[in-house]
Amino acid sequence: MKNILLLLLTLTTLSASAQNNFKVPKYEKFKLKNGLTVYLMEQHEVPLINVSAVFDAGSISDGDQYGLASLTADAVVFGTQKYTKSQIEEITDYVGANLSTAAGKEGASVRSSFAVKDQDKLFDVIQQVIMYPVFDATEFDKHKQRTLLELAQAKESPRSVIGNYFNGFVFDKHSYATPTGGTKSTVDKITVQDVKKFYQSNYTTGKGAIAVVGDFKTADMKKRITTLFGDWKTAEARMVKRVVPELNFDKSRVLLVNKDDARETTFYIGGKGIPYSSPDYIPVLVVNTVLGGRFTSWLNDALRVNSGLTYGASSRFSRYKMAGTFVISTFTKNATTVPAVDMALDVLDSLHKTGIDDKVLASAKAYVKGDFPPDYESSGALAGLLTDMFIYNFDENFINTFQAKVDGLTTAQAKSIIAQYFPKDKLQFVMVGKASEIKEQVKKYGEVSEKQIKADGY
């Protein structure tokens, strides 16, 4: 028994040591002659290969056609020059592979995971999806109709759409304000020709990257990727000047989104956050862990554990390439809207007034460090990390110095981070609930504007 306990203690110590010394595994980065950036990383633990391809084709390029980037990303798998949509699904399902596509605000992605033994077939499918989609009109129209239904249904769940209202409220006329999934009126007008045009303009080698992580030899994979994508000719990558959004609010404001049948109020309280490139992200993350980034956070303790006003409360920083937001989020019964908002504000105020002591900071550091390595423990996560590095323009130094920067944070620095990045006044409130029951009460938080949740748009 003594030997077993000693072994367990040793393994625990080694595990903790491995976590504290986590580094991005070795990889190779190069460019094909057509401008496509390639990342290759060998991981031989399991016989799997993960592929992540990204393009500068996110919703910030939608213009007035909200949802166009999202529909385009969905539609690249609706048939290719070689395979129909059904054939693509049959191939991937038969071998237990995964193939997914998506678009966010900054970029669009094609991702896949499959066994080494199936790589010939899956790389062929991936090449077809990325380079030769035909955007089958029948499949596109069916998908568009489903999307319209989903957009209508989403309005029945305030927690599904409040983020869109918040972004629209704080980013205003900037492209970050637009909903990635679109609105019913904008999606309804998008045609298959619009999607084809968007693909041709935005899925370009000059602003694209592909990462392959898994059980292979780098030299062999380099030849394969060069053969598959080296001759791909696309439009020239467009140089688009992006404007940094101004989020310097001169007063507190409230957006009240009326949902007549709501029995609870879902709300965001927030303001300006940090962009993806912020050098202070790591200390901000540690401090936010205390405020609302874990189950034992101050917000959750106050609003859920101690008062029972909600089933959960949290805070977070959402980062984009040029800007970001900070939000406190939760929901509560109509009758307890004001007590819940007041309590959330009191907790935020206490962060500024009392700060974080050594004991609390040590606990937050341990949580963040323990939660960090698992984010990158799989080949799929590493493939996504590499293409995130491309989209958001950072390198492995962010990961490799992560835990050292966590360890180096002091209470004095935490106090400075709180003052700089956690807004305490001129806050922006978005509330989705029954306006007739809460409108008069919430006027105390700022100037109120009102929208109807049944109305199209955000």
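Colleague: Which element gives the largest share of the lining of the second largest pocket?
Modeller: This is a predicted model, and in it the second largest pocket has a volume of about 390 Å³. Of the 23 residues that line this pocket, the closest to its centre include Ala 419 and Gln 420, while the elements that give two or more residues to the lining are β8, α12 and α17. The largest share, five residues, comes from α17.

Colleague: Which residues of helix α17 are exposed on the side away from its buried residues?
Modeller: The buried residues of α17, which spans residues 411-421, are Ala 414, Ile 417, Ile 418 and Tyr 421. Seen down the axis of α17, these buried residues fall within an arc of 100°, so they line one face of the helix. What covers them includes β8, α10, β9 and α12. On the other side of α17, the exposed residues are Ala 412, Lys 415, Ala 419 and Gln 420.

Colleague: How many residues does α10 give to the lining of the largest pocket?
Modeller: The largest pocket has a volume of about 670 Å³ and is lined by 30 residues, with Tyr 281, Leu 285, Arg 319, Phe 398 and Phe 402 lying nearest its centre. Among the elements that give two or more residues to this lining are α10, β9 and α13. The largest share comes from α10, and the number of residues is six.

Colleague: How many nonpolar residues are in the lining of the largest pocket?
Modeller: Sorted by class, this lining has seven charged and seven polar residues. The nonpolar residues in the lining number 16.

Methods
Residues numbered from 1 in each chain as written. Predicted model: local features only at pLDDT ≥ 70, side-chain atom pairs only at ≥ 80, totals over all residues. Heavy atoms only, no water. Buried < 20%, exposed > 50% of the residue type's maximum accessible area, 1.4 Å probe, protein only. Helix = DSSP H or I, 4+ residues; strand = E, 2+ residues; numbered from the N terminus. Arc of directions from axis to C-beta. Contact = heavy atoms within 4.5 Å. 1 Å grid on protein atoms, 1.4 Å probe; cavity = no way out; pocket = protein on both sides within 12 Å on 5 of 7 lines; lining within 4 Å. Points joined across faces, edges and corners; volume = space filled by probe spheres on them. Nonpolar A, V, L, I, M, F, W, Y, C, P; charged D, E, K, R; others polar.
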